[in-house]
Amino acid sequence: MPGLKLKWAFAFPESQFPVRSQPAVVGGVAYFGGPDGRFYARDARTGAERWTTDLSGIAPGGRPAIPWDGPSVSGGRVYFGDIRGFVYSLDQATGRVVWAKQVDAHPAATVTSSPIVHDGMVYVGTSSGENAATGPDGNDDPNYPCCTFRGHLDALDARTGELVWRHYTVPEPQAVGTWPSGATRYEPSGAGVWSSPVVDPRSGTVYVGTGQNYTGSAGDFDTLLALDHRTGAVKWRNQVTKADTWRGLCNTPDAEGYCPGLKDGSALDYDIGATPNLFTVGGRRLVGVGQKLGVYHVFDAATGEVVWRRQLGVPLPSGGISGIQWGTSFDGHRLYIATYFADPGKVFAVDPATGDVLWETPNPADGCTTGGAAAYPDICTLAHGPAVTSSPGLVWEGANDGKLRAYSARDGRVLWTYDTLRTFTGVNGLPGRGGAISGGGGGTVVADGMVYVEAGYAPEYPNPDGGHVLLAFGL
């Protein structure tokens with residue numbers, strides 16, 4: 001680990017959007033999207049340009065075409081989604097747009113789910129910010145007729161982009177009265193699919209988690225779904241929270257009448273925002289998934305029967321930020337799970353058979369007093385937002401303090417730390433600066449002896465030196 005050094009940096013142009021399209025590394029090329037509305041292919045070893053595709057000319061107008069997830073590469077194509085609810089297929093060799101399909105025309109729809117390609121189909125979820133960003137200031141507006149979005153998982157034809165099947169997570173919202181402001185009230189709504197699905201080729205099953213209701217209380221909210229990969233038929237569903245209705249107004253002082261769950265304890269925002277893990281223990285196929293409640297759940301992959309659950313984060317209602325936010329990792333021996341704002345966030349190694357905690361390592365206490373974060377004590381927090389990555393003997397996790405760390409898979413000791421809160425000169429000639437490693441863009445990618453991470457997500461550190469960065473490390 002002492003020999004791991006920064007090999008190259010790619011600096012994105014300045015943007016109001018964070019980086020959140022971690023690269024896919026295939027055939028010596030790193031494929032990733034930028035907060036500038038472009039999609040990039042770069043030599044994975046050197047950062048040299050292979051091609052760049054500007055997405056701004058596709059269905060112009062309205063929200064910008066910002067890639068909002070990590071891509072998948074399959075069959076000579078690159079697949080990814082964007083902030084506007086589009087899914088794209090690009091030619092892997094040239095970057096030419098083969099097709100671009102809007103999977104949801106709702107004004108607040110977005111694709112944060114990385115597409116998974118299997119058996120000629122692209123599986124991708126659709127989510128939405130309708131419940132929290134409906135006003136001109138970007139906050140929930142009491143005059144907004146909330147809410148009409150409903151989440152869904154789609155199977156698209158990989159060759160053409162045409163819809164093969166769709167599973168909606170809630171019934172179609174209906175007008176049921178008015179809010180105190182007089183705005184029309186719709187329900188049920190929400191249950192967005194924020195995370196990526198996984199496919200078990202053995203059983204032909206797609207597994208995916210869902211978010212909370214925005215209004216009402218119905219449908220497959222806070223649920224792990226097992227769907228037939230050819231038809232979308234439900235094989236089983238397991239709802240891990242029985243009441244969870246939340247919108248941005250739940251966090252305001254004047255939420256009376258807009259957030260009934262505040263009184264009965266069901267305004268929690270306890271999504272399943274993480275991607276599931278498939279693994280086998282003692283010949284039994286299992287599927288596990290983390291929840292923003294802080295619980296990791298493990299089910300029988302064939303039946304949905306609960307095998308074990310483990311509480312790892314301390315639940316904080318109305319915002320759901322203390323638990324397991326994004327993805328977790330299985331290395332064939334152990335599960336590795338991180339908690340977000342859990343005072344502090346921790347990285348755990350867990351026995352996949354029993355859920356017993358084998359080790360736990362808190363976000364180091366000096367994370368906010370050393371490196372670039374030390375200059376921003378009012379911004380820095382000891383929290384783990386990204387998906388966890390494992391490679392032989394190592395566990396990789398970034399943090400809100402701007403540091404990427406490698407932990408010993410055996411005992412959880414921090415073996416290597418890199419502070420991204422500094423200025424870089426990109427191989428593309430632009431200046432850039434790191435920041436918090438969090439959210440959808442923060443998951444570390446390990447491929448072909450290289451390590452890649454994007455830095456520059458919420459919380460937002462001052463960035464006078466250009467845009468945020470993709471960093472590539474090697475020996």
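**Close-up views of a predicted model**

Both Cys-368 and Cys-380 are buried (buried is under 20% relative accessible area, exposed over 50%, partly exposed in between, with a 1.4 Å probe and protein chains only). The structure is a predicted model, in which local features need pLDDT of at least 70, side-chain atom pairs count only at pLDDT 80 or more, and totals for chains, interfaces and linings use all residues. Residues are numbered from 1 along each chain as its sequence is written, and side-chain values use heavy atoms, with hydrogens and water left out.

**View 1. The disulfide of Cys-368 and Cys-380.** The sulfur atoms of Cys-368 and Cys-380 are 2.0 Å apart and form a disulfide (a pair of cysteine sulfur atoms within 2.5 Å). Cys-368 and Cys-380 both lie in the loop between strand 30 (357–362) and strand 31 (389–391), so the pair ties together parts that are 12 residues apart in sequence. Strands (E, at least two residues) and helices (H or I, at least four) are DSSP runs, numbered from the N terminus. The S-S torsion of Cys-368 and Cys-380 is about -80°, so this disulfide is left-handed.

**View 2. The disulfide of Cys-146 and Cys-147.** The structure holds three disulfides. One of them joins Cys-146 to Cys-147, with an S to S distance of 1.8 Å. Its torsion about the S-S bond is about -80°, so the link of Cys-146 and Cys-147 is left-handed. Cys-146 counts as buried because its relative accessibility is 0%. Cys-147 is buried too, with a relative accessible area of 0%.

**View 3. The disulfide of Cys-250 and Cys-259.** Here the S to S distance between Cys-250 and Cys-259 is 2.0 Å. The link of Cys-250 and Cys-259 is right-handed, with 95° about the S-S bond. Cys-250 has 6% relative accessibility and counts as buried. Cys-259 is buried at a relative accessible area of 5%. With the bonded cysteines of the protein chain numbered in sequence order, the pairing reads 1-2, 3-4, 5-6.

**View 4. The largest pocket.** The largest pocket has a volume of about 1,300 Å³. Of its 47 lining residues, Gly-129, Asn-131, Ala-132, Ala-133 and Trp-194 are the closest to the centre. On a 1 Å grid over the protein atoms alone, a pocket is an open set of points with protein on both sides within 12 Å along at least five of seven lines, where a 1.4 Å probe fits; lining residues have an atom within 4 Å of a point. Grid points are joined across faces, edges and corners, and a volume is the space filled by probe spheres set on the points. The lining of the largest pocket has 22 nonpolar, 18 polar and seven charged residues. Ala, Val, Leu, Ile, Met, Phe, Trp, Tyr, Cys and Pro count as nonpolar, Asp, Glu, Lys and Arg as charged, and the others, Gly among them, as polar.

**View 5. The second largest pocket.** The volume of the second largest pocket is about 920 Å³. Its lining has 39 residues; Gln-22, Ser-114, Ser-196, Thr-275 and Ala-387 lie nearest the centre. At least two lining residues come from each of strand 2 (24–26), strand 6 (72–74), strand 27 (329–330) and strand 37 (445–447). By class, the lining of the second largest pocket divides into 19 nonpolar, 18 polar and two charged residues.

View 6. Two strands pair if DSSP finds at least two bridges between them. Strand 29 (residues 346–350) and strand 30 run antiparallel and are joined by five bridges. Lys-346 has Pro-362 of strand 30 as its bridge partner.

**View 7. The hairpin of strand 15 and strand 16.** Strand 15 (residues 174–178) and strand 16 (residues 184–187) run antiparallel, joined by four bridges. Gln-174 stands opposite Glu-187 in strand 16. The hairpin has five residues between the strands, and Gly-182 takes a positive phi near 100°.

**View 8. Ser-438 and its contact.** Ser-438 sits in the loop between strand 36 (431–433) and strand 37. Ser-438 is buried, with a relative accessible area of 2%. Its side chain makes a polar contact with the side chain of Tyr-340 at 3.3 Å. A polar contact is a pair of N or O atoms within 3.5 Å; within protein, one must be able to donate a hydrogen and the other to accept it, and residues adjacent in sequence count only if both atoms are side-chain atoms.
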